[in-house]
Amino acid sequence: MKRLLFYCFIVCSVIISHSQELRKLSGDEIREDLWFFRILLEKGHINIQSVAQMQKIDSLIKIIDEKYRTSGAYQYEFFLELLKVVHHVNDIHTAVFLTEEDNDYIKNNGKYLPLSLSYEKGKLLIKDITHSEKDKLIRQEVISINGKDADSIMAILIKFVNIDGDDSLVQKKLAAYYFRSLYPFLFPCLDSNLIVLKNDTSQLIDTLVLLSCQKKDETSNNAKSDKSNDPNFSFFYLDEERLGYLKISSFLPSELKSYRIFLRDVFHYLKKNKTDVLILDLRNNSGGLLDFARQLLEYLIPSERRYIDYVTLRNNLVIQWVLIKNSFLQPEITRFIGRLSGKAQRHLWSKNLVSTYKNFPVKSVKPNFFVYTGKLYVLMNSLCASATGVVLNNLYMRPNTIFLGTPAACTRDGSYGNPVSFKLPNSRIRITVSSIYIKQTVDTAFFNYKSYPFKNIVPHIIVEDKEFPTNLEELYHFLLEKERNHVFFQNKQK
């Protein structure tokens, strides 16, 4: 009898938990999450006024509250509304996320389109088609999907993308990048989807019927796991050309020690072989830890540079409260660990600090003994952000350096936040805000920090990712040809 009751209890628990996963959020729950969201933006962000008009934010929040006050909303519907709010925050570290385990659209077997797109030269192109052997369709231009033309799709997607700065090309590239995850929420996803294509070579119109999927496919998962196994850093060398190629795909190496040894060995090799040209590939590097970025700069900056961290902590009691609430540890243990962390974290957990704290620690980046002073090509694209922006901005002022690629998501002499993640209490949607503000520049020019720059880092030569050859020797001659066709000025604009 006891065993029967136990099994009944388990079955009932599963049924109840499943029903809770798929239920709508009530109007009161949405209002509570909106209030929590608003508090984090204003009190948790280091300086929300510099990157957003709070009057506009408040207006959008009020519209959401009124829209779902009586009807309620599913998690993914509320998530889309918050995305539209964050779109008006010019800080790429401020974002909202709906994880797969909390996504009731996926849990309810919602259909999605197994199609990935990219944006190049004013066109939406096919980047990948899951469960398809039609490789010939890759990079063909998309004219329309289910009757919706490409321009209309792009215009809608842009409303859900936020970046540092205001570069329209970066917005469109990121909008295309997020197409696959946002498409099922924003457009009708049919059982059979009609995609109209145009072939660049023949200019012929073609059609593709693509079946929808209802769950994550194993092919996609395998592709992601293979990608995650790739090293974050790699190096190749051509003896004939005395040419080096260094790729840093992330400033979050798995091991700090191996990263340091790698950089030392690479630049020792370059110095020993009197290398003429170095190609630094930072494409798709969305950032990481600032110290890892600075270690790379020590090998590339020919003279000592002043480095200034502008650290601001806003209303630390609010952040403390949320960190404690989201931690699985006891509050006392969470506080204790925080006070043993770095300087910024110690200030965050200070008992006496209840308002804004500002600090201007001046540091310096000194050239390493194996510093490389020769010609440098820097490859970048629109996924470069955060700590990568610190590297790009420093190298932008380096002599004998040429940038190629597409504009970065981060800005010139801009701000680089340290995001802290929180979870909204009812919808379980995650929100990140910049809790620490790190601004990098040279000397005293930094102290004009009140004027927030909205100009994205732009390369000297615009080159799409697919234009770069994969063969190193071909890549080198490609870069030489690009350089010959452009005029550079000795005094580059800072």
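**Entry 1. Terms and model.** I take buried to mean under 20% relative accessible area, exposed to mean over 50%, and partly exposed to mean in between. I note that the model is predicted.

**Entry 2. Lys198 and Glu141.** I looked up Lys198 first. Its relative accessibility is 23%, so Lys198 counts as partly exposed. Lys198 forms a salt bridge with Glu141, and the closest N and O atoms are 3.8 Å apart. This pair links distant parts of the chain, with Lys198 in strand 6 (residues 192-198) and Glu141 in strand 4 (residues 141-145), 57 residues apart. I record Glu141 as buried, because its relative accessible area is 11%.

**Entry 3. Other salt bridges.** I find a count of 18 salt bridges. In one of them, the side chains of Asp65 and Arg31 meet at 3.4 Å, N to O. Asp65 belongs to helix 3 (residues 54-67) and Arg31 to helix 2, so that distant parts of the chain are linked across 34 residues. Asp65 is buried at a relative accessible area of 14%, whereas Arg31 is partly exposed at 38%. I also note a network of salt bridges that links Arg31, Asp65 and Arg69.

I then turned to helix 4, where Lys84 and Glu81 lie 3 residues apart, about one turn of the helix. Residues three or four places apart in an α-helix point the same way, because there are 3.6 residues a turn. The side chains of Lys84 and Glu81 meet in a salt bridge of 3.3 Å, N to O. Lys84 counts as partly exposed at 31% relative accessibility, and Glu81 as buried at 8%.

**Entry 4. Helix 2.** I compared the span of helix 2 (residues 27-44) with expectation: its 18 residues should span 26 Å at 1.5 Å a residue, and the end C-alpha atoms are 24 Å apart, which agrees. Among the buried residues of this helix I list Ile30, Leu34, Phe37 and Leu41.

**Entry 5. Cores.** The largest nonpolar core has 69 residues, of which Phe37, Phe78, Val96, Leu115, Ile145 and Phe179 touch the most other members. Helix 4 (residues 75-86) gives the most to this core, with 8 residues. I also record a second, separate core of 39 residues, including Leu246, Leu263, Leu282 and Ala387.

For Leu115, I looked up contacts beyond four places in sequence; they include Ile126, Ile145, Phe179 and Leu210.

**Entry 6. Surface.** I find a nonpolar patch on the surface formed by Ile333, Phe336 and Ile337, with about 290 Å² of accessible area together. Phe336 sits in helix 13 (residues 331-339) and is exposed, with a relative accessible area of 53%.

How values were computed
Residues are numbered from 1 along each chain as its sequence is written. This is a predicted model: local features need pLDDT of at least 70, side-chain atom pairs count only at pLDDT 80 or more; totals for chains, interfaces and linings use all residues. Side-chain values use heavy atoms; hydrogens and water are left out. Patches are made of residues with over 30% relative accessible area and no salt bridge: like charges are joined within 9 Å, nonpolar side chains (Val, Leu, Ile, Met, Phe, Trp, Tyr) within 5 Å. Accessible areas come from the Shrake-Rupley method with a 1.4 Å probe; for residues, only the protein chains shown count as cover. A salt bridge is a side-chain nitrogen of Lys or Arg within 4 Å of a carboxyl oxygen of Asp or Glu. Helices (H or I, at least four residues) and strands (E, at least two) are DSSP runs, numbered from the N terminus. Buried means under 20% relative accessible area, exposed over 50%, partly exposed in between (1.4 Å probe, protein chains only). The expected span of a helix is 1.5 Å times one less than its number of residues. A nonpolar core is a set of buried Ala, Val, Leu, Ile, Met, Phe, Trp, Tyr and Cys residues joined through side-chain atoms within 4.5 Å. Contact means heavy atoms within 4.5 Å.
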